[in-house]
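Please look over the sequence and the structure below before reading on.

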Amino acid sequence: MVGLLGSADELLRLVESELAADVHVRGNEISLTGQPADNAFAVRVFDELIALLQTGQALRPDSVRRVVGMLRSGESARPAEVLSLDIINRRGRTIRPKTLNQKHYVDAIDANTVVFGIGPAGTGKTYLAMAKAVQALQTKQVDRIILTRPAVEAGERLGFLPGTLSEKIDPYLRPLYDALHDMVDPESIPRLMASGTIEVAPLAYMRGRTLNSAFVILDEAQNTTAEQMKMFLTRLGFGSKMVVTGDVTQVDLPGGAPSGLRVVREILTGIDDVHFSLLTSSDVVRHRLVGDIVDAYERWDTVQATRPDPVRSPGPRRQKGS
């Protein structure tokens, strides 16, 4: 009961705030008072929370909110099954999907050769892809991991940064290194990189190569051109998987060039063994406020798209002599 209700009944208060039924706890019994439909929903919530506890997980406020959210969405998948799908374990920490869409994304990576993960910041697109790459390496499904990103943000300022070309590009690859350090023993990373088992490189370094027996991740793919996206996808070799991640609302390409990530969806939709996973603000696993920020920006973009351009819209004609 302590695990279910939380320290000082923290989780109980959270559950009560999410449910329409009244919750009463006496000893080891929980009773519910309310409308039949509200009571039935509350029973399902507690059943899923108990099932999560039985997998050995400790309940947290975040997992309680996700269980309630999944049940409200009406999906057939059980929240306890979604939230207990382990990908990799390291030093007592387990990486697993936290939403139903994230589970679909992870399942798609297992089932397809090329997967596109498209969604806003904080939805775990790159992090889960990295976890699947490490899992594939550990289980010897692939011989190496290749992580790549376009260095578009650097632009012409790259030449003004100090150091070698590798040192100039390193800041743009840093998010990939950060995720890697969460999943692989940091002391072993230099050795794995020296042997070529793990490679982190800008997208330009992929040209002319054939990537066999590799798990390849292209991050920030919204900043590729259509030509770069085609170049990357045609690097696919035998025994390899590719995961392409990006957020089409955050394109940094200069001159308003069309994003290769937007174009490729029109080109490859319907092709066998290619899957597009769409994640939304409800899949954000950072601070709860991040999802609200993403939604607010989407609403603002919608409003702006319907407004006339103030620069181009004609103003009132001036009368002669005025």
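Which residues does Gln222 touch, not counting residues up to four places away in sequence? With contact meaning heavy atoms within 4.5 Å, Gln222 touches Gly246, Asp247, Val248, Gln250, Val251, Leu253, Ser259 and Leu261.

This is a predicted model, in which local features need pLDDT of at least 70 and side-chain atom pairs count only at pLDDT 80 or more, while totals for chains, interfaces and linings use all residues. Residues are numbered from 1 along each chain as its sequence is written, and side-chain values use heavy atoms, with hydrogens and water left out.

- Gln222 is found in the loop between S8 and helix H10 (226-233), where helices (H or I, at least four residues) and strands (E, at least two) are DSSP runs numbered from the N terminus.
- Gln222 counts as buried because its relative accessibility is 1%; buried means under 20% relative accessible area, exposed over 50% and partly exposed in between, with a 1.4 Å probe and protein chains only.
- The side chains of Gln222 and Glu220 are joined by a polar contact of 2.6 Å, that is, a pair of N or O atoms within 3.5 Å, of which, within protein, one must be able to donate a hydrogen and the other to accept it, and residues adjacent in sequence count only if both atoms are side-chain atoms.
- The Gln222 side chain also reaches the backbone nitrogen of Asp247, at 3.1 Å.

**The sheet**
- Six strands form an open sheet with parallel pairing, in the order S7-S6-S8-S9-S5-S10; two strands pair if DSSP finds at least two bridges between them.
- Strand S7 (198-202) and strand S10 (274-278) each have a single partner strand, so one side of each is left without a neighbour in the sheet.
- Strand S6 (residues 144-149) runs parallel to strand S8 (residues 214-218) and is joined to S8 by 5 bridges, and Phe215 in S8 is the bridge partner of Ile145.

- Met70 lies in helix H4 (residues 61-73) and counts as buried because its relative accessibility is 9%.
- Met70 and Leu100 are 30 residues apart in sequence, and their C-alpha atoms are 7.2 Å apart in space.
- Leu100 is one of the buried residues of H6, which also include Tyr105, Val106 and Ile109.

**The whole chain**
- The protein chain has 12 helices and 10 strands, and buried residues make up 44% of its 322 residues.
- Among contacts between residues at least 6 apart in sequence, 68% join residues at least 24 apart.
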